Amino acid sequence: GEASRRVHVDTYITMANGAKVVVMLPKDKKLYKAGSRFPLPHEVDEVRRIVEAGGYYFTLEPPRGRNMVTLFTPKGWHHWLLGHSEWHCIFGASRF
């Protein structure tokens, strides 16, 4: 039914200015340990590992002419962000 197609959002982050590189991984994928270095865009093999695990690697930034963009993270998914601009402004919340 309708309820089975809904995705519960656990966390949201709204980017008001600047940019961040984002890694998102499904809850059952553990590619990185605590203290690991953030994978950089030119590290093609690392980006490929993320995608092959069902994850995403992208830059989050407001579109030209728009004020903000919001990223919704499904419950249990790992999200990892790295600043990709001189300065940025984000706000968000998590539901525990």
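Helices (H or I, at least four residues) and strands (E, at least two) are taken here as DSSP runs and numbered from the N terminus. In these terms the protein comprises 2 helices and 6 strands, which follow one another along the sequence in the pattern α-β-β-α-β-β-β-β. The model is a predicted one, in which local features need pLDDT of at least 70 and side-chain atom pairs count only at pLDDT 80 or more, while totals for chains, interfaces and linings use all residues. Residues are numbered from 1 along each chain as its sequence is written, and side-chain values use heavy atoms, with hydrogens and water left out.

The accessible surface of the protein, computed by the Shrake-Rupley method with a 1.4 Å probe, where for residues only the protein chains shown count as cover, amounts to about 6900 Å², and 53% of this surface belongs to carbon and sulfur atoms. Of the 96 residues, 30% count as buried, where buried means under 20% relative accessible area, exposed over 50%, and partly exposed in between (1.4 Å probe, protein chains only). With contact defined as heavy atoms within 4.5 Å, residues 24 or more positions apart account for 79% of the contacts that have a separation of 6 or more.

In soluble globular proteins, nonpolar side chains tend to be buried together. A nonpolar core is here a set of buried Ala, Val, Leu, Ile, Met, Phe, Trp, Tyr and Cys residues joined through side-chain atoms within 4.5 Å. The largest such core holds 10 residues, namely V21, V23, L25, Y32, F38, V47, I50, A53, Y57 and W80. The elements that give two or more residues to this core are β2 (20-25) and α2 (44-52), and β2 gives the most, with 3 residues.

Not counting residues up to four places away in sequence, A53 touches L25, P26, K29 and L31, and its C-alpha atom is separated by 9.4 Å from that of D28, 25 residues apart along the chain. E46, which lies in helix α2, counts as partly exposed at 22% relative accessibility; with residues up to four places away in sequence not counted, E46 touches Y32 and P39. The C-alpha atoms of E46 and L31, 15 residues apart along the chain, are separated by 9.7 Å.

P41 is placed in the loop between β2 and α2 and, with a relative accessibility of 48%, counts as partly exposed. Beyond the residues up to four places away in sequence, P41 touches V47 and Y57, while the C-alpha atoms of P41 and V21, 20 residues apart along the chain, are separated by 8.6 Å. L81 has its place in strand β5 (residues 78-83) and is partly exposed, with a relative accessible area of 25%. Residues up to four places away in sequence being excluded, L81 touches I13, K20, V21, V22 and F38; L81 and Y57, 24 residues apart in sequence, are 10.0 Å apart in space, C-alpha to C-alpha. T11, in strand β1 (residues 9-17), counts as buried at 6% relative accessibility, and its contacts, its neighbours within four places in sequence left aside, are L71, F72, T73, H79, A93 and S94.

Open space was examined on a 1 Å grid over the protein atoms alone, where a pocket is an open set of points at which a 1.4 Å probe fits, with protein on both sides within 12 Å along at least five of seven lines, and lining residues have an atom within 4 Å of a point. Grid points are joined across faces, edges and corners, and a volume is the space filled by probe spheres set on the points. The largest pocket contains about 170 Å³ of space. It is lined by 15 residues, of which L25, K29, K30, Y32 and H78 are the closest to its centre. The lining divides into 7 nonpolar, 4 polar and 4 charged residues, with Ala, Val, Leu, Ile, Met, Phe, Trp, Tyr, Cys and Pro counted as nonpolar, Asp, Glu, Lys and Arg as charged, and the others, Gly among them, as polar.
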